[in-house]
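Biologist: I would like to learn how the parts of this protein pack together. Can we go through it step by step?

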Amino acid sequence: MSEETKEEVVAEPEVTEAAEPTEAPAADGTAAAEVTSPHKGFLGKVDNYFGITKSGSKFKVEIVAGLTTFMAMVYILLLNGGVFASASGSYGAAYIATAIGAIAGTLLMALFAKMPLAQAPGLGVNYLVAGLAAAGTGMTLANALIFVLLDGLIFVILTATGLRKKIFESIPVAVRKAIGVGIGMFIAFIGFQNALITYPHSGMQTAFALFNVLGDTSFGTMLPALVALIGVVAIAIMSKKKIKGAILWGILGSAVLYYIFAGIGYGAGSAECKAIFDGITINNPFTAFKDWGTNTAGVVLYQGWDFSGYLANNNVGQLILLIITTALSMCMIDMFDTIGTLYGACRQGNLLDKDGVPINMNKMMLADAIGTCVGALAGTSTVTTFVESSSGVAAGGKTGFTSLVTALCFIIAMFLSPIAQLVPSCATSAALIWVGVLMMSSVGEIDWKDPAAAIVAFLTIAVMAFGYSISKGIGVGMIVSVIVSICTGKIKEIKVATWIIVVLYLLMFILSD
């Protein structure tokens with residue numbers, strides 16, 4: 001899910017399983033000719049391993065590209081740390097788990113797939129996982145991570161066996177095109193809530209924040225909403241000016257603005273602003289590692305299958321259906337996000353083979369799937385390839401050395417969690433809202449003039465955002481798509497796999513609370 005940040009879901013182009021080149025292409029996209037590295041010794045071996053000279057690139061270019069990618073996506077440490085702070089027991093534990101997921105996935109992309117793309121826990125699915133472990137559900141973080149682990153294992157099997165394409169084709173086109181938009185709306189809505197831009201008011205389900213400074217609204221109360229709105233506009237302006245790392249600078253700038261405004265409010269006697277500074281604490285960076293080792297590392301293995309809390313209010317049948325449908329939803333979202341990202345980023349960098357397929361496609365998909373499994377073991381959500389990788393590709397990155405540099409940057413960032421904890425939620429909310437803006441771009445791909453496609457897409461998006469559930473949005477979209485197909489004489493066009501998935505979703509809706 002994030003992306004500039006977007007974890008956009010796009011329809012998978014019709015492709016054949018072409019043989020994958022074993023080395024990076026030349027600048028024109030053709031297979032690279034044999035080129036001897038100009039470097040000797042260790043540098044020469046590194047050059048030959050990654051094919052830097054063969055690809056027409058240089059170490060300096062690859063390093064700059066790796067740093068560019070890192071700057072564009074490092075915000076995920078702040079965002080995902082906040083998302084899982086409660087479930088993980090501490091912000092530090094969630095921060096370290098997120099970093100490990102990013103490091104593992106990106107190293108796989110660097111050393112196994114040898115491509116200039118980076119991975120990290122994605123936006124969208126992380127809220128689905130955190131929601132499973134939220135208070136009142138009866139589930140623990142370890143329970144929720146079971147779904148992530150299953151997602152990764154299923155993705156590995158689907159990629160290794162070639163069933164990925166069959167599953168993809170079973171999803172109605174209107175649902176595929178709506179998933180990215182729905183996730184974007186869902187994320188933006190969370191950003192609005194976290195920053196108190198919208199909140200329950202006077203008997204209404206939601207209302208816009210109050211800014212009547214001359215009335216009863218205190219400055220401290222309106223501060224989060226004000227900072228978030230300024231932040232998202234600033235990110236948009238920087239993106240328009242093509243400033244690298246616009247999202248990160250937007251988050252950091254919003255954080256600085258937040259404390260400046262809070263300081264002004266403190267001086268004016270605001271109790272809310274005083275509480276902000278009274279609550280500041282700086283922890284030892286190694287405390288985060290300790291919390292991670294205690295609270296989240298490997299919990300999926302020794303606590304994940306203990307669903308006694310959930311079964312206290314539900315039966316075994318409901319649990320089985322929940323596991324199947326949720327893991328399936330995560331896998332579909334992960335698969336669509338990854339496919340869309342790989343095609344988009346590789347097309348930008350001319351990293352396609354003669355058939356228009358990203359080189360080392362299956363290796364990249366496997367890196368994504370294995371990264372998700374490692375992420376689950378570390379204690380975080382689905383690891384996926386980030387569209388922000390396009391920024392590094394645009395900066396000239398052509399090989400896995402680019403992603404190796406990005407991974408090394410994430411390793412360094414692991415020790416900066418105390419500083420990251422000072423970033424307020426309203427600052428990261430600005431990034432969430434911007435993610436929603438970016439993910440709305442695919443709404444234009446939906447055929448709104450076709451009533452059948454329009455109702456399927458709209459309900460998929462609406463249920464995700466307003467029903468606060470990504471998986472249920474997909475389920476409703478698929479069920480409605482089948483109903484529309486039956487009533488419009490297209491029942492023969494419904495694939496067997498589609499029927500199976502729809503039946504599973506129907507059972508979940510009927511039997512689950």
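Modeller: Let us start with a term. A residue counts as buried when its relative accessible area is under 20%. Keep in mind that this is a predicted model.

Biologist: How many of the nine residues of helix H3 are buried?
Modeller: Helix H3 runs over residues 75-83. Its buried residues include Tyr75, Ile76, Leu77 and Leu78. Leu79, Asn80, Gly81 and Val83 are buried too. H3 is mostly covered, and the count of buried residues is eight.

Biologist: Asn80 is in that list. Which residue in the loop between helix H17 and strand S4 touches Asn80?
Modeller: The loop lies between H17 (361-378) and S4 (383-385). Its residue in question also touches Phe84, Pro121, Gly122, Asn126, Val129 and Val148, leaving out residues up to four places away in sequence.

Biologist: Is Ser381 buried or exposed?
Modeller: The cut-off for buried is under 20% relative accessible area. Ser381 has 0% relative accessibility, so Ser381 counts as buried.

Biologist: At what angle do the axes of H9 and H23 cross?
Modeller: H9 covers residues 173-194, and H23 covers residues 470-487. Their axes come within 10 Å. They cross at roughly 150°.

Biologist: Is H9 roughly parallel or roughly antiparallel to H23?
Modeller: Angles over 145 degrees count as roughly antiparallel. The crossing here is roughly 150°. Therefore H9 and H23 are roughly antiparallel.

Biologist: Which residues of H23 meet H9?
Modeller: On the H9 side, the contact uses Val175, Ile179, Ile183 and Phe186. The residues of this contact divide into seven nonpolar, one polar and no charged. On the H23 side they are Ile470, Ile474, Gly477 and Met478.

Biologist: How far apart are the end C-alpha atoms of H23?
Modeller: H23 has 18 residues. At 1.5 Å a residue, they should span 26 Å. The model agrees, because the end C-alpha atoms are apart by 26 Å.

Biologist: How many residues of H23 are buried?
Modeller: H23 is largely enclosed by the rest of the structure. Val484 lies in H23 and is buried, with a relative accessible area of 19%. Of the 18 residues of H23, the buried ones number 13.

Biologist: Which residues does Val484 touch, not counting residues up to four places away in sequence?
Modeller: Val484 and Ala452 are 32 residues apart in sequence. In space, their C-alpha atoms are 6.4 Å apart. The residues touched by Val484 are Ala452 and Ile455.

Biologist: How far is Ile461 from Gly477, C-alpha to C-alpha?
Modeller: Ile461 is found in helix H22, residues 451-466. At 11% relative accessibility, Ile461 counts as buried. Leaving aside neighbours within four places in sequence, Ile461 is in contact with residues including Ala178, Val181, Gly182 and Met185. Ile461 and Gly477 are 16 residues apart along the chain, and their C-alpha atoms are separated by 8.4 Å.

Biologist: Is H2 oblique or roughly perpendicular to H19?
Modeller: H2 spans residues 59-73, and H19 spans residues 400-413. Their axes come within 7 Å and cross at roughly 50°. Roughly perpendicular needs 65 to 115 degrees. So H2 is to H19 oblique.

Biologist: How many charged residues are in the contact of H2 with H19?
Modeller: H2 passes H19 in a right-handed crossing. The contact includes Phe59, Glu62 and Ile63 of H2, and Phe401, Thr402 and Val405 of H19. By class, there are 11 nonpolar and four polar residues. The number of charged residues is one.

Biologist: Which residues of H12 make the contact with H10?
Modeller: H10 (residues 219-240) and H12 (residues 271-278) pack at an angle of about 65°, with their axes 7 Å apart. H10 brings Phe219, Gly220, Thr221 and Leu223. H12 brings Glu272, Cys273 and Ile276.

Biologist: What distance separates the C-alpha atoms of Val435 and Val232?
Modeller: Val435 lies in helix H21, residues 425-439. Val435 is buried, with a relative accessible area of 0%. Val435 and Val232 are 203 residues apart along the chain. Their C-alpha atoms are separated by 9.6 Å.

Terms used. Residues are numbered from 1 along each chain as its sequence is written. This is a predicted model: local features need pLDDT of at least 70, side-chain atom pairs count only at pLDDT 80 or more; totals for chains, interfaces and linings use all residues. Side-chain values use heavy atoms; hydrogens and water are left out. Axes are lines fitted to C-alpha atoms, for helices over the stretch in contact, and angles run from 0 to 180 degrees between N-to-C directions. Helices (H or I, at least four residues) and strands (E, at least two) are DSSP runs, numbered from the N terminus. Angles under 35 degrees count as roughly parallel, over 145 as roughly antiparallel, 65 to 115 as roughly perpendicular and the rest as oblique. Contact means heavy atoms within 4.5 Å. Ala, Val, Leu, Ile, Met, Phe, Trp, Tyr, Cys and Pro count as nonpolar, Asp, Glu, Lys and Arg as charged, and the others, Gly among them, as polar. Buried means under 20% relative accessible area, exposed over 50%, partly exposed in between (1.4 Å probe, protein chains only). The expected span of a helix is 1.5 Å times one less than its number of residues. A crossing is left-handed if the near helix is turned anticlockwise from the far one by less than a right angle, and right-handed if clockwise.
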